[in-house]
Amino acid sequence: MSEMIEIIVDDKTYRAEEGSLLIDLLIREEIKVPYFCYHESLGADGNCRMCMVEIAGQKRPQIACDTLVKSGMEVNSKSTKIEKVHTDILELELINHPVDCPTCDQAGECSLQDLYMDYGLHDAKVTIVDKVKHDKKVDLGSNVMLDQERCVLCARCTRFTDKITHTHELGIIGRGDEAKVSTMPGRKLDNPYAMNVVDLCPVGALTSKDFRFHQRVWFLQSAESICHGCAKGCNIYIDHNKMKYQDDVIYRFRPRRNDAVNGFYICDEGRLSYKELETNRLESMLYDGVVVDEHEAIAQYKSLLTQYQGRVSVVIDANLYSEEIEAIVAYAERIGAKVFAPLECYNDPSFADDMLKSAQRAANYGAIVKMGLETNMPSDAGLIINFNHPTHFNAEAEIHFSTHKQESNALLLPMAAFSENSGSLINEVGLEQWCEKAVEKNSPAPTVLSWLEKVEG
Amino acid sequence: MSFCFNDANVAKIEALKKRYPSAQALSLPCLWMVQYQEGYISLDAIDVIAEVTDTPAMEIYRVATFYTMFHLEPTTQKRVLVCKTLSCKLCGSDAVLEQLKKHDVLVEHVECLGSCGTAPVMQIDDVNYENLTPTKVDAIVEGLR
């Protein structure tokens, strides 16, 4: 590690590592600095020219993203002169912008909009008919849609495919007014992390085909959670909204920065896994394929339990929260049942890669291992009480607590999914992380804990 | 349809490789070789160049689209480059352009061709035609057939 030095920004002293980027310091200390192209995981590119600051002893303003911190440096980020610079550069960025914010999905989380409110507030000098026209609907592949008119050519997306995925699908072609982001003719954006370019894009040029035109972002509420796609434990935001007279619905997952786990990104499969939470859910209690009420269901549950007394096995899904698993284990002990948490069915080496995807496709894999639960399949059980484990078992009788519908004549009891409940997870390397409750359904399915209270009451 | 460098170009590439610190430096020479060999730069050729220069194909494609002198589409017409900068403009390149419209050629407006002393100038197949007048243009273009 290099030496820590002191620099002065806007008459205040800050400490920073010598030779680190000035913009990193400004972002860390929450000193307002406008930028499009800089991104902490992609490094400096210096093409948008927005992050200009004045540095004592330098004739002209300098870009903060390509300036290395030096001892005794005096930086001014707020003068009238520098604000004029920001305004002028922003005006250049906006020359050919179509200003179609009312139909743009980025509106509300768009750097151009935010910076215009901070530095712009000018009327356009170029009329809309004189603006350079480009293609507004280019399907790049992998669920990514490109609007070349909105693009500010910050090259974050192309740097992502160059530096992060090393797949090199995107590039800026042409030059001058004709410059635009594109794939090669006849080729598509095709990699398992492609949709991250949508988050990276500071403007509305790259939008997700899955999300566009579905919801305005300012209506969304975000809950901090963990992706349940595999045991990596990538941090995500669950963006959901309850519209008037409708149910609380998840609209998208977004990556949440955590340098210890996933950095800035998540895989596309994890990102789209929210759909599973909204489709094919088990909504009513079923016995022998017929809807039963709670009273009947619990009576049936208890009679099965008495009938198979001493031959009961409890099976636990490795995606449940640790608190739920502990409660189930304690419950099993009280009713004298054996506990199994078979892990084999979660192992999918074809899913794994050396970035973020893990072969163990169970979010709380670490907790099962840590608790030392039996991970083999249950054998010669009379009654199996299954807490959402995906495998099919052969037993004389079965009770399934399940989030999703399944083909079975057994007693099926609907259960809350992870987004409808809070709890902690331990990932494959033993890191414990907390998931907030995101969704509040109109008629919520009971959580594991409330089911246990019901069946023991 | 796949592209292959001809033997002369393969030899040229081998010779050039020794001259530069990285294979990527061969991007522009390779693009020129393709254009002279095939008349235009096809996607197949870009893939071959990418392999030769050990550079992503997208990077080669970007370079090819950046420079206007590279042609990515084949054409049956003759390409005629007409200078659009000052000297030629003052000496009558507008009349030259008007005259060229009457012929079946592909006219391209380009920056200075480096022959201001003999303006106006046009270039066909790397040959400069100087001190042009509309009559001269007719004669030159007819002579191409």
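Here come some questions and answers about the two chains.

Q: What makes a local feature count in this model, and how are residues and chains labelled?
A: This is a predicted model, so local features need pLDDT of at least 70 and side-chain atom pairs count only at pLDDT 80 or more, while totals for chains, interfaces and linings use all residues. Residues are numbered from 1 along each chain as its sequence is written, chains are lettered from A and ligands numbered from 1 in the order written, and side-chain values use heavy atoms, with hydrogens and water left out.

Q: Why is A:C104 called buried?
A: Buried means under 20% relative accessible area, exposed means over 50%, and partly exposed is in between (1.4 Å probe, protein chains only). A:C104 has a relative accessible area of 7%, so it is buried.

Q: How many disulfides does the structure hold?
A: Zero, over all chains. Take A:C104: the nearest cysteine sulfur, that of A:C110, is 6.2 Å away, and A:C104 is in no disulfide.

Q: What makes a set of residues a nonpolar core, and which residues touch the most other members in the largest one?
A: A nonpolar core is a set of buried Ala, Val, Leu, Ile, Met, Phe, Trp, Tyr and Cys residues joined through side-chain atoms within 4.5 Å. The largest one has 85 residues, and A:I7, A:L22 and A:F36 touch the most other members. Helix α2 (residues 80–94) of chain A gives the most to this core, with five residues. Apart from it lies another core, of 40 residues, among them A:A231, A:Y301, A:I368 and A:M415. As a general rule, nonpolar side chains tend to be buried together in soluble globular proteins.

Q: Which residues does A:I7 touch?
A: Contact means heavy atoms within 4.5 Å. Not counting residues up to four places away in sequence, A:I7 touches A:K12, A:T13, A:Y14, A:L22, A:L25, A:V69, A:K70, A:M73 and A:V75.

Q: How many helices and strands are there in chain A?
A: Helices (H or I, at least four residues) and strands (E, at least two) are DSSP runs, numbered from the N terminus. Chain A has eleven helices and 22 strands. Of its 457 residues, 54% count as buried.

Q: And how many helices and strands does chain B have?
A: Chain B has seven helices and four strands, in the order α-α-α-α-β-α-α-β-β-β-α along the sequence. Of its 145 residues, 39% count as buried.

Q: What do the buried residues of α2(B) pack against?
A: They pack against α1 (7–17), α3 (43–53) and α4 (57–66) of chain B. Those buried residues include B:C30, B:L31, B:M33 and B:V34. Just after α2(B), B:G39 takes a positive phi of about 90°.

Q: Why is A:F213 called exposed?
A: Its relative accessible area is 56%, over the 50% cut-off, so A:F213 is exposed. A:F213 is in the loop between β10 (206–208) and β11 (221–226) of chain A. Its phi is near 65°, a positive value in a residue other than glycine.

Q: What makes B:D125 count as exposed?
A: B:D125 is at 51% relative accessibility, over the 50% cut-off, so it counts as exposed. B:D125 is found in the loop between β3 and β4 (127–129) of chain B, and its phi is near 50°, again positive in a residue other than glycine.

Q: Where is the cis peptide bond that involves B:P120?
A: It joins B:A119 and B:P120, with omega about -10°. B:P120 is in the loop between β2 (105–110) and β3 (122–124) of chain B.

Definitions and conventions. A disulfide is a pair of cysteine sulfur atoms within 2.5 Å.
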